[in-house]
Amino acid sequence: MDIDIKTETFHKNKKSYLMCQSGMRSNRVVSALKKAGYQVINVSGGMGVYTGDNRIK
C-alpha cells in the first residue's frame, strides 16, 4: 500500500505527532518523514488506545 505524504503540512523544525487507527500506517509514515529530516513521533497503538488525553507521555 502506498501512502501519499503531504510534506507541506509538516514543519521540519517542529515536532508532529502522527496517529492512525492501529499505529501501523502512521509508523510507516513516521519512518519516511524522519529519513527526510522531519521531527515526527508515532502515537503507538493509534486511535485504538487513544483515551482523549492530550498529554503525550
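In which strand is the place of Asn-42? Asn-42 sits in strand β2, which covers residues 40-42; helices (H or I, at least four residues) and strands (E, at least two) are DSSP runs, numbered from the N terminus. The model is predicted, so local features need pLDDT of at least 70 and side-chain atom pairs count only at pLDDT 80 or more, while totals for chains, interfaces and linings use all residues. Residues are numbered from 1 along each chain as its sequence is written, and side-chain values use heavy atoms, with hydrogens and water left out.

The secondary structure of the protein amounts to one helix and two strands, and along the sequence they follow the pattern β-α-β. The protein has 57 residues, of which 25% count as buried; buried means under 20% relative accessible area, exposed over 50%, and partly exposed in between (1.4 Å probe, protein chains only). Contact means heavy atoms within 4.5 Å. Among contacts between residues at least 6 apart in sequence, 60% join residues at least 24 apart.

The largest nonpolar core has seven residues: Phe-10, Leu-18, Val-29, Val-30, Leu-33, Tyr-38 and Val-40. Helix α1 (residues 24-35) gives the most to this core, with three residues. A nonpolar core is a set of buried Ala, Val, Leu, Ile, Met, Phe, Trp, Tyr and Cys residues joined through side-chain atoms within 4.5 Å. In soluble globular proteins, nonpolar side chains tend to be buried together. Beyond residues up to four places away in sequence, Val-40 touches Phe-10, Ser-16, Leu-18, Val-30, Leu-33 and Lys-34.

The count of aromatic pairs comes to one. Phe-10 and Tyr-38 form this pair, which is edge-to-face, at 6.4 Å centre to centre and 70° between the planes. It links distant parts of the chain, with Phe-10 in the segment before β1 (16-18) and Tyr-38 in the loop between α1 and β2, 28 residues apart. The rule is that rings of Phe, Tyr and Trp (its six-membered ring) pair if their centres lie within 6.5 Å; planes under 30 degrees apart count as stacked, over 60 as edge-to-face and the rest as tilted. Both Phe-10 and Tyr-38 are buried. Lys-12 lies over the face of Tyr-38, at 5.2 Å from the ring centre; a charge sits over a ring if NZ of Lys or CZ of Arg is within 6 Å of the ring centre and within 35 degrees of the ring normal.

Ser-16 has its place in strand β1. Ser-16 counts as buried because its relative accessibility is 16%. Leaving out residues up to four places away in sequence, Ser-16 touches Phe-10, Gln-39, Val-40 and Ile-41.

Gly-23 lies in the loop between β1 and α1. With a relative accessible area of 6%, Gly-23 is buried. Gly-23 and Met-47 are 24 residues apart in sequence and 7.7 Å apart in space, C-alpha to C-alpha.

Asn-42 is itself buried, at 18% relative accessible area. Apart from residues up to four places away in sequence, Asn-42 touches Leu-18, Gly-23, Ser-26, Asn-27 and Val-30. A polar atom of the Asn-42 side chain lies 3.5 Å from the backbone nitrogen of Asn-27.

Definitions and conventions:
A polar contact is a pair of N or O atoms within 3.5 Å; within protein, one must be able to donate a hydrogen and the other to accept it, and residues adjacent in sequence count only if both atoms are side-chain atoms.
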